[in-house]
Amino acid sequence: MMDFVGKKQWFFLVSWILIIVGIVSLIVSQVQIKSPLRLGTDFAGGTSIILQFNPPVEQSQLREEMAGLGYVEATIQNAGEGNFIIHTREITAEEARELAGQLGTELDSQVEITDYYFVSGTVATRTTRNAIVAVIIAAVAMMFYIVWAFRRMPKPFRWGSCAVIAVIHNVFIIVGIFSLLGWLAGVEIDALFITGLLAVVGYSINNTVVVFDRIRENVSRHISPDFAETVNASLIDTLGRCINTALTTLFVLLALLLFGGATIHYFVLVLLLGVIIGTYSSICIAGQLLVVWEKGEWRALLPFNKRIG
Amino acid sequence: MKRSNVYLLIFILALFGFALWSVIPLDRTVLGREGLRLGLDLAGGSYLVYEADLRAVNSSTADEVMDGVKGVIERRINALGITEPIIQVQNQEGNYNIAIQLPGVADIEKAKEMVGLFTVLEFRERDSEGIWVAANGTATVDGEVKELTLSSRYFNENTEVTLHPTTSEVILLFEMNGVGATLFEQISTRLMGKPLAIFLGDQALRGEDGQIIAPTVQAVITDRGQITGLSLVDAQELSRVLNAGRIDVPLGRWVDGEFEPSVPLYERTVDATLGQDSIQKSILAAGIGIVLLLVFMILYYRLPGLVACLSLAVYGAVLLSIFKLVPITLTLPGLAGFIVSLGMAVDANVLIFERMKEELRGGRSLGAAAETGFNRAWTAIRDSNITTFIACVILFWLGGTLGAFMVRGFALILFIGVALSMFTAITVTRTFLRLIIGSQVVTNLGAYGVQVQTVRNTK
């Protein structure tokens with residue numbers, strides 16, 4: 001029988017590494033681009049256009065040309081299949097057309113503006129504030145719901161906390177990855193990123209609740225006097241379901257990432273990462289946190305513990 | 001076969017049949033709905049948001065004035081021949097916004113020009129060549145004699161429509177302020193028996209019948225007057241725009257307490273042909289993913305997997321039917337919401353089947369295993385989906401704030417999809433499975449994805 005609970009320190013170690021890499025990336029990003037995440041048009045204001053090049057051009061070529069035309073500060077994201085998302089200062093649709101025309105001539109490619117998007121700074125500030133509020137309300141509301149759903153168990157608050165910690169862990173990892181993509185590949189976060197993140201929060205909690213539900217059932221059936229063993233048995237019971245559900249969703253998301261449009265390219269990436277990490281955390285993190293709390297083995301949480309190996 | 005199962009089966013088949021009938025083919029008109037309503041990112045078009053400069057307006061009448069401004073913009077946009085524009089006035093934290101959706105507009109610059117114009121209506125007369133020119137008069141303003149054009153600026157705010165008590169003729173009553181009375185007196189004296197047209201920018205106002213509204217001057221007008229011969233709808237509309245046009249309400253945006261006219265707060269334009277392209281791509285992508293998903297379900301879960309596929313077909317048809325009949329605007333993020341909800345629908349089935357397999361391995365009979373599977377899986381399905389509902393409600397709120405209007409489609413579709421998935425998993429899958437097991441057509445456990453050797457003997 002696989003021992004998911006016994007190997008918990010290894011899982012915690014993996015998570016710590018991912019989180020620490022994320023934090024380092026946030027700091028590097030703050031130093032390099034003056035922001036822990038590269039803020040898109042929704043949060044920073046300005047103009048964003050999607051250019052479709054036929055035949056496709058190289059991102060580096062495009063960056064050079066843009067700089068030559070006086071758009072040094074522009075962020076360029078590759079959205080696949082010759083599509084580029086360009087975020088720059090406020091320019092009118094007219095100026096955008098001019099820019100596209102010049103780029104087309106210089107790079108010898110047919111170019112079309114498929115999407116023109118302009119946001120004033122004042123709206124951007126409001127959107128940023130609302131997005132932060134939304135994420136906080138979501139976390140608190142879900143925690144209360146889980147505490148309520150597990151109210152018949154001893155210490156329901158513990159179940160809610162562990163589920164929310166697992167979810168915050170997921171959010172941290174995804175934010176870390178996007179921070180990394182931000183300063184390495186110019187990937188920006190926008191309102192859809194927050195949407196994806198909240199959807200991932202819902203999905204992760206969903207997964208964790210399925211696992212917790214099984215633990216709840218197995219505890220009341222008294223399958224083992226040892227809580228750690230009960231949790232491990234529950235994890236194995238739900239393993240097939242967790243993996244199958246994740247796989248079926250991943251099929252569709254992967255197809256959408258590879259062949260879907262440029263507008264939702266990075267949104268789908270958030271969902272894809274969220275499904276993978278959400279599944280990982282519900283199998284390898286959430287239940288194990290319950291065990292740690294139950295047994296008071298707080299030292300197991302430390303990233304570099306002597307007992308490993 | 002239990003009678004209740006038969007009733008449920010009839011209900012499900014009727015629902016499925018209705019859903020299929022309503023969505024095939026998609027562009028057929030059903031119950032007044034034609035095709036799916038596509039959002040800007042799929043159909044192409046523009047979305048513009050402006051802030052109004054209401055410094056010159058008394059705050060108690062702001063709602064009314066904005067209503068008038070909306071009417072004025074509607075007229076201008078309709079004059080451009082744009083079909084089905086959606087114009088909304090939003091009050092956000094004391095700032096009035098006007099949000100304009102223009103589906104499939106090619107010439108956005110022209111549309112913006114029209115929107116950005118002032119809301120004041122001008123009166124014009126015909127010159128000797130029959131061309132409409134401004135109807136001017138002279139008046140003394142602040143001790144200076146000026147040549148001024150008669151406009152809605154000089155109307156009091158109390159323009160109203162009444163019906164003549166005996167003839168029921170529609171009458172538009174108006175009052176002029178001091179300068180207006182002086183101007184109107186000179187102009188109406190000069191134009192006795194001649195028409196006077198009303199212009200918004202360089203467009204004449206037109207009535208319902210498409211004719212220019214140009215009442216003939218029948219008496220000298222000073223501080224009050226009336227217009228007759230208009231249809232009721234035209235009179236009400238004219239009264240609304242005259243009231244709104246008393247003051248200039250420039251549209252633009254506020255930046256650090258300064259007003260910048262004509263610059264939108266928010267603008268998005270999506271090319272119509274390329275919107276079409278992303279529809280096809282995304283639908284193809286989703287289609288490939290869904291086929292993979294169905295194949296996986298059948299290979300892994302065998303007969304129950306096939307039942308799940310049937311259940312998902314009902315799910316898909318009913319959801320599409322809801323999209324079309326409500327109607328719900330479909331956007332790219334909405335499509336992603338549909339995919340995630342499909343994942344949840346599959347999840348509900350997977351939860352049930354995994355439970356059922358376990359019960360079968362535990363040695364229960366097929367019927368008992370299926371029932372226990374459903375009952376045990378239900379708490380997990382319910383508890384896990386409620387957290388998704390919470391996320392959706394919060395996203396819906398976030399999507400209502402200005403910069404994130406794309407978010408709403410995702411939240412709404414995810415919510416509906418997950419709610420429907422709970423219904424299909426519990427009702428549709430259960431009924432199909434009960435009928436197959438009850439009919440005893442397939443009793444081989446292998447068909448239910450359980451290897452016979454792993455079945456423990458019953459105690």
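In this predicted model, chain B falls into three parts: domain 1, domain 2 and domain 3. Their bounds are listed below.

| Domain of chain B | Residues |
|---|---|
| Domain 1 | 3–39 + 271–454 |
| Domain 2 | 45–111 |
| Domain 3 | 121–247 |

Taken over C-alpha atoms, the centres of domain 1 and domain 3 of chain B are separated by 61 Å.

Chain B also holds an open sheet of 4 strands, ordered 7-6-12-13, with antiparallel pairing. The partner of strand 13 of chain B in one antiparallel pairing is strand 12 (residues 197–200) of chain B, and 2 bridges link them. Opposite B:Q203 in strand 13 of chain B stands B:L200.

A helix pair joins the two chains in the description. Helix 7 (residues 191–220) of chain A packs with helix 9 (residues 366–400) of chain B at an angle of about 160°, and their axes are 8 Å apart. That angle, being over 145 degrees, makes helix 7 of chain A roughly antiparallel to helix 9 of chain B. The crossing of helix 7 of chain A and helix 9 of chain B is right-handed.

On the chain A side, the residues of helix 7 in this contact include A:L198, A:G202, A:I205 and A:D213. On the chain B side, those of helix 9 include B:T379, B:D383, B:T387 and B:L395. The contact of helix 7 of chain A with helix 9 of chain B is made up of 10 nonpolar, 8 polar and 2 charged residues.

How values were computed:
Residues numbered from 1 in each chain as written. Chains lettered and ligands numbered in written order. Predicted model: local features only at pLDDT ≥ 70, side-chain atom pairs only at ≥ 80, totals over all residues. Pairing = 2+ DSSP bridges. Domains from an automatic or database assignment. Axes fitted to C-alpha atoms, helices over the stretch in contact; angles between N-to-C directions. Parallel < 35°, antiparallel > 145°, perpendicular 65-115°, else oblique. Left-handed = near helix turned anticlockwise from the far one by under 90°. Contact = placed C-beta atoms within 7 Å. Nonpolar A, V, L, I, M, F, W, Y, C, P; charged D, E, K, R; others polar.
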